[in-house]
Amino acid sequence: MTIKQIAELANVSSATVSKVMNGKDKNISEATRQRVLKIIEEEGYIPNGIAKSLKVKSTKTIGIILPDVMNLFFSELARGVEDMAEAKGYSIIICNTDNNEKKEQKYLQILQEKMVDGIIMTATESSANNIFCKFKTPMVLVDRDIDFGNKLGLIEVDNVEPAYEATKHLIDKGCKRIAFISSVKVNKTSVNRYIGYEKALLEAGQTIDENLVFLDSFSIESGCLGAQKILKDHKVDGIFCGNDLIAIGALKEIKERGLRVPEDIKIVGFDDISISRYVDPPLTTIKQPIYEMGNEAVNMLVDIIEAREVDMKRTLKACLVERQST
Ligand code: RIB
């Protein structure tokens with residue numbers, strides 16, 4: 001069924017059918033509008049989106065590429081993207097790379113083939129300064145700044161300052177042997193959190209003991225593994241975790257060793273994902289403006305797509321949320 005056939009059945013022009021479907025029907029009589037809508041419903045007509053996209057050279061679709069949709073950080077980020085995209089008349093396609101660079105490149109290719117109008121991406125933990133194939137699709141990176149060799153938008157959080165604040169909070173609580181468990185130093189996010197940790201320790205006259213640093217991935221398993229490895233041979237009284245999943249893993253390991261939080265070991269996370277206030281004890285963490293990051297990524301991307309003047313970098317603020325794990 002085509003627009004032309006609907007028009008013939010309704011005895012109107014194809015342009016009239018388009019206007020009724022696109023809500024641009026203020027100059028069309030109510031009787032005609034109702035007749036067209038009735039025939040569309042009876043015939044079960046669904047507009048051909050691809051044909052329309054080719055005609056207007058826009059799919060009104062945004063692709064979002066995320067490294068781990070099981071991590072509530074990215075679920076909340078996707079929510080912020082979806083709500084703002086919908087408010088601006090765009091639909092979204094969500095791609096999960098499982099932190100795998102090959103999948104990341106595959107999805108970049110697929111989204112371009114599907115002619116999305118723009119892409120929002122948080123890179124995998126190991127993607128760093130990859131010069132991907134040159135492509136023209138407008139793109140905004142969220143959170144993990146990497147050099148794609150193109151002029152890309154960036155929505156980020158200052159990571160050094162909150163990491164410094166998290167570590168200083170542990171020092172102020174009396175911790176003298178503070179460990180750091182985080183993702184590998186390949187991505188700037190993790191590098192900057194390490195810098196904040198190091199800055200607070202050195203400022204307090206504490207040395208950096210590399211035996212108390214475990215860098216793997218932003219996952220619960222890494223939190224368990226890191227705590228296991230560090231606590232096997234070393235005594236610590238505080239752990240700064242690169243994200244809340246790591247903190248949850250470390251919490252589990254600490255308890256399995258018969259140690260108490262915060263009495264024996266104090267813990268600080270990073271993100272403040274929705275579950276962090278419900279773990280036992282509720283997690284002291286750094287609250288990232290996750291939902292706002294998603295909103296702002298869409299605002300920036302749509303400005304780029306629709307060729308408006310836009311600052312290509314926006315840095316948002318994160319802050320310490322104190323709970324019972326310290
Ligand atoms: O929890 C996932 C982590 O990856 C977050 O801290 C976020 O900043 C991203 O880098």
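Okay, housekeeping. It's a predicted model, so to speak of local features we need pLDDT of at least 70, side-chain atom pairs count only at pLDDT 80 or more, and totals for chains, interfaces and linings use all residues. Residues are numbered from 1 along each chain as its sequence is written, and side-chain values use heavy atoms, with hydrogens and water left out.

Let's start with the rings. There are six aromatic pairs in the structure. A pair here means Phe, Tyr or Trp rings (for Trp, the six-membered one) with centres within 6.5 Å; planes under 30 degrees apart are stacked, over 60 edge-to-face, and the rest tilted. Phenylalanine 180 and tyrosine 197 make a stacked one, at 5.0 Å centre to centre with 20° between the planes. Why does that pair tie together parts 17 residues apart in sequence? Because phenylalanine 180 is in strand β6, residues 178-183, while tyrosine 197 is in helix α8, residues 188-203. Helices and strands, by the way, are DSSP runs (H or I, at least four residues; E, at least two), numbered from the N terminus.

Both phenylalanine 180 and tyrosine 197 are buried. Buried is under 20% relative accessible area, exposed is over 50%, and partly exposed is in between, with a 1.4 Å probe and protein chains only. Tyrosine 197 also pairs with tyrosine 194: the centres are 5.9 Å apart and the planes at 50°, so that pair is tilted. Those two tyrosines both sit in α8, three residues apart, about one turn of the helix. Tyrosine 194 is buried as well, at 6%. Zooming out, ring pairs join Phe180, Tyr194, Tyr197, Phe240 and Phe270 into a cluster.

Tyrosine 194 has a charge over its face too: lysine 185, at 3.8 Å from the ring centre. The criterion is NZ of Lys or CZ of Arg within 6 Å of the ring centre and within 35 degrees of the ring normal.

Now the cores. A nonpolar core is a set of buried Ala, Val, Leu, Ile, Met, Phe, Trp, Tyr and Cys residues joined through side-chain atoms within 4.5 Å. How many residues does the largest one have? It has 44, and Tyr197 and Phe240 are among those with the most contacts inside it. Elements giving two or more residues to this core include β6, α8 and α11 (290-305). Apart from that core lies another, of 21 residues, including Phe214 and Ile230.

On to the ligand. Residues around it, meaning with a heavy atom within 4 Å, include Phe73, Arg144, Arg193 and Asp271. Ligand oxygens lie 2.8 Å from a side-chain N or O atom of asparagine 71, 2.5 Å from one of aspartate 143, and 3.0 Å from one of glutamine 288. The protein covers 100% of the 270 Å² of accessible area that the ligand has on its own.

Aspartate 143 lies in the loop between β4 and β5, and counts as buried at 5%. Methionine 115 has a positive phi too, near 55°, but methionine 115 is partly exposed, at 39%.

Last, the cis peptides. One joins valine 261 and proline 262, with omega about 10°. Another runs from aspartate 280 to proline 281, with omega near -5°; proline 281 lies in the loop between β9 and β10.

Note on methods: Polar contact = N/O pair within 3.5 Å; in protein donor to acceptor, adjacent residues only side chain to side chain. Areas by Shrake-Rupley, 256 points an atom, 1.4 Å probe, with all protein chains shown as cover.
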